[in-house]
Amino acid sequence: MKSIFGKSVALAAFFACLSCANISAQNQTLSYEGYSLKWQDEFEGTQLNRKDWNVELHQRGWVNNEMQEYVDSAENIQVKDGKLILRPVTKNAKKNLYTSGRVNTQGKHDFKYGIFECRAKFPAGKGFLPAFWMMPTEESFYGQWPRCGEIDIAEVLGHDTSTVFGTIHYGNPHHESQGKSNLGKTAFSDDFHNFACEWEPGRISWYVDGKLYHTENDWFTKSDGQKARPYPAPFNQPFYIILNLAVGGNWPGSPEKNATYIDGATFEIDYVRVYQKASYNENVSKPQKVLNLKKADSSGNFVTNGNFSAKENLGDEEDWQFLTAVGGDGSASIENSEIRIATKKAGSEEYSIQLVQAKMPLLQNGKYRLSFKARAAKNRTMKVGVSAPTRNWKRYLKDTSVSLTPTMKEYSFEFTMRDETDDAARIEFNMGKMGSTADIFITDVRLEQTGMVERKTPAYNEDADKGLIKNSEFNGELAFFESFADNSAKATCEVIEEGANNVLDFAISNTGDMDWKIQLIQRGVPLEKGKTYLLRLKAKSTAKRDLMFAIQHDGSKDNNWDNYASQTTVSLGTEFQTFEKTFKMPVDNPQAMLSISMGAVGGKRISKEHHIYLDDITLEIVK
C-alpha cells in the first residue's frame, strides 16, 4: 500500500516479482521463543475500539489512482462475530465510484521491532488490493516516502488470491525487496490463514501459516546528494499498523465493468497480535552487497539466446520470459530462429503482452546499445525499453515506440547508465494495448556495452554559493536538495551538463493531478523576521506549461505549510528565463523550505512526456 507521499508498487510486479533477498527461505518456521505478547485485538466486541484504532478518511484517487473513498461508516467498517470486516460499497458503478475502510494504530500503538501477525481471509475479485502493513510513526524523520521506509506484511491481489506478497520499500532512489508465496490450487480467499512479519534490527522475514517465504537484511536510506544514513535506517524507528481494502489503482487495475462482486466482498481479520522481546541488540552491520554481474558472450552480447536458436521454457524466470497481465491473452513460440508473439486480447495496458529478459548488468556511467530485428504480420507498433525491477521499475532506456511492418527491419537504441550499477536490469518488449493484435516476430536481440562516460567530479563549494540556497548551481549534483514524485505521478531527475554548466533535468511523463505531486525541495533555509529577500531561479521546458515556486514553512512535522513568498506561477518557454520573487519575512524561521512544484497545471494532469530544466536557484537578502 502507500503513504500520502506515495508508495509505489510496480505496475507489473504481480507478474514479474523479483526478490532481491540476501537470505534464502529454507523450510524455516516462525518461532516465538523469547517473545511475549505485547498487544492484541481479537475483535470480540460489536464495534471498532477507537482507543486502539484510528479511522482514516481520504478522497478517491488520494494515492495509487485508487477508485475508493475511505470513509467512517458502518457499511464499510464492522466488528462482527469476532472479526473486523472491511467492506467495499458501490456508489456509482458506471463511474467506478466506491467507498471502503482503512484503519491504523498511529499514536495509539506504535512499535519498534517484533512479530506482527494477523489471521485473515482476503476477498476475491479483479480490482481488490487489501493489505496488512506498516508505516513509520514520524514519516519525516528520514524524509518523504520512500526514504522513510515501509513494511508490507501481506498483500493479496483480488484477481490472484492464491498468492501473497511481502515487501519492504526504502531508499533514494526507491528500492524494494519483495517475496511471494503461492498456495497452489487453493486460495487465501477460501479460508483464514496466518500472515506474519518478524522485524528485528538488521533483518525482516515474512511467513504464511508459520512458514518462512522471504527474508531481507540489505537496505538503506539517504537524501539526494548525501551519504546513506547509518544502517539499519530507515527500519530502526517506530512504525504503526494499517489495515485497508483498496479498490482499483495502479497495481490491481480496475474492477470488471458492471462488476456484481464488489458489494458482497469482505476483507475479514480474525485478530491482530504483536509480540516483542524484552530487548534488542541494535549494534548490527550492513551486509556487504555482492553484485552478480552477468558476463557477455564472446561477441559482447549480454542477452542469452538472442537469436532464438534454442527452444526454451518461456514460462519460467530464466532467460526469455513471456508474460500476460491485466486482460492480456496470447502465446509465444520459438521457430526458425525467431520468436513469434501471437495476441488474442491486447489487454488494458501496454504491458498486458510482454516479452522480457532480466539479469542484465549495467555499469554506472556505461554506454550501451540495444538492438534487434522485428516485423509484424500487419503494420503496428510495440514499445521497447530497459527497466529496473528492483528499483521501482525506473527506465534506463525509456519506453520507445517502434513502428513495425511485414518486412523484417533492424532497430537500434543507445543509452547511458547514470544510476548506480545494477545487476538486475530487464529488457522489455511491450505489445499490449497499442491498437493492434497482429503477430510480432523478433530476432537477433543484442545488448552490448559500447564504452564509458567520464563524469566530472562534483566541485561543490559551499562558500561559493550566492546567498542562502546551498548548491545553487548543482555543482555538487543534488546535494542539499530533495526530489519528490508522488506515486500518481511519474518523473525522474538528474544533473546533466549543458555547455560549461550543470543543470537539473526533470524528465516528466505524468504530472499527477495536483501541482505538488512533483517537487524539488531544499529544507533548512534560515530566514529572519523583518528582512526582505529576493528569490531567483532559471527554468525552461520542452513543453508549454507553468511552474510554481515558493518559500514556506516546512510542515513535515507540524503540517503547517504557510507561504512566506506567496506561491508564484510562471510560464516556461523552451529557452532559459530568469524568474524572481521579492518578499518580506513576517517571522523568524531558521528552518524554512524552498519548494518548486512541477505537477499538474491548474488541476489538469499532463501525461505527455516533457522535460523541465532548472539552474541558478538563489535567495539573497536585499534589505
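In what order do the five strands of the open sheet run, and is the pairing parallel or antiparallel? I looked this up before anything else. The order is S21-S22-S29-S24-S27, and the pairing is antiparallel. I then checked the edges. Strand S21 (328-335) and strand S27 (409-416) are the edge strands, and each of them pairs on one side only.

I followed S27 to its partner. Strand S24 (residues 366-376) pairs with S27 over eight bridges, in the antiparallel sense. A reminder to myself: strands of a sheet pair through backbone hydrogen bonds, either parallel or antiparallel.

**Confidence**

The model is predicted, and I looked up its scores. The average pLDDT of the chain is 89. Of the residues, 94% score at least 70. I marked residues 1-25, where pLDDT stays under 50. For this stretch the model has 111 contacts beyond four places in sequence.

**Aromatic pairs**

How many aromatic pairs does a search of the whole structure find? I get 28. I opened one of them, Trp-320 with Phe-429. The ring centres lie 6.4 Å apart and the planes stand at 40°; the pair is therefore tilted. I traced both residues along the chain. Trp-320 sits in strand S20 (residues 320-324), and Phe-429 sits in strand S28 (residues 422-430). They are 109 residues apart, and the pair links distant parts of the chain. Are Trp-320 and Phe-429 buried or exposed? Both are buried.

I also listed a cluster linked by ring pairs. Its members are Trp-39, Phe-43, Trp-53, Phe-111, Tyr-113, Phe-116, Trp-199, Trp-219, Tyr-231, Phe-235, Phe-239 and Tyr-280.

**Charges over rings**

I looked up two cases. Arg-273 lies over the face of Tyr-271, at 3.6 Å from the ring centre. Lys-517 lies over the face of Trp-516, at 5.1 Å from the ring centre.

**Strand S39**

Why do I call strand S39 (residues 610-621) largely enclosed by the rest of the structure? Because nine of its 12 residues are buried. I then looked up two of its pairings. Strand S32 (residues 501-510) is joined to S39 by five bridges, and the two run antiparallel. Here Phe-506 has Ile-612 in S39 as its bridge partner. Strand S34 (residues 532-541) also pairs with S39 in the antiparallel sense, over eight bridges. In that pairing I found Leu-535 opposite Leu-619 in S39.

**Strand S7**

Last, I turned to strand S7 (residues 97-100). I found a parallel pairing here: three bridges join S7 to strand S3 (residues 68-70). Tyr-70 stands opposite Ser-100 in S7. Strand S6 (residues 89-92) pairs with S7 over three bridges, in the antiparallel sense. For a residue pair I noted Thr-90, opposite Tyr-98 in S7.

What do S6 and S7 form, and how many residues lie between them? They form a hairpin, with four residues between the strands.

Terms used:
Residues are numbered from 1 along each chain as its sequence is written. This is a predicted model: local features need pLDDT of at least 70, side-chain atom pairs count only at pLDDT 80 or more; totals for chains, interfaces and linings use all residues. Side-chain values use heavy atoms; hydrogens and water are left out. Two strands pair if DSSP finds at least two bridges between them. pLDDT is the predictor's confidence in each residue, from 0 to 100. Contact means heavy atoms within 4.5 Å. Rings of Phe, Tyr and Trp (its six-membered ring) pair if their centres lie within 6.5 Å; planes under 30 degrees apart count as stacked, over 60 as edge-to-face and the rest as tilted. Buried means under 20% relative accessible area, exposed over 50%, partly exposed in between (1.4 Å probe, protein chains only). A charge sits over a ring if NZ of Lys or CZ of Arg is within 6 Å of the ring centre and within 35 degrees of the ring normal.
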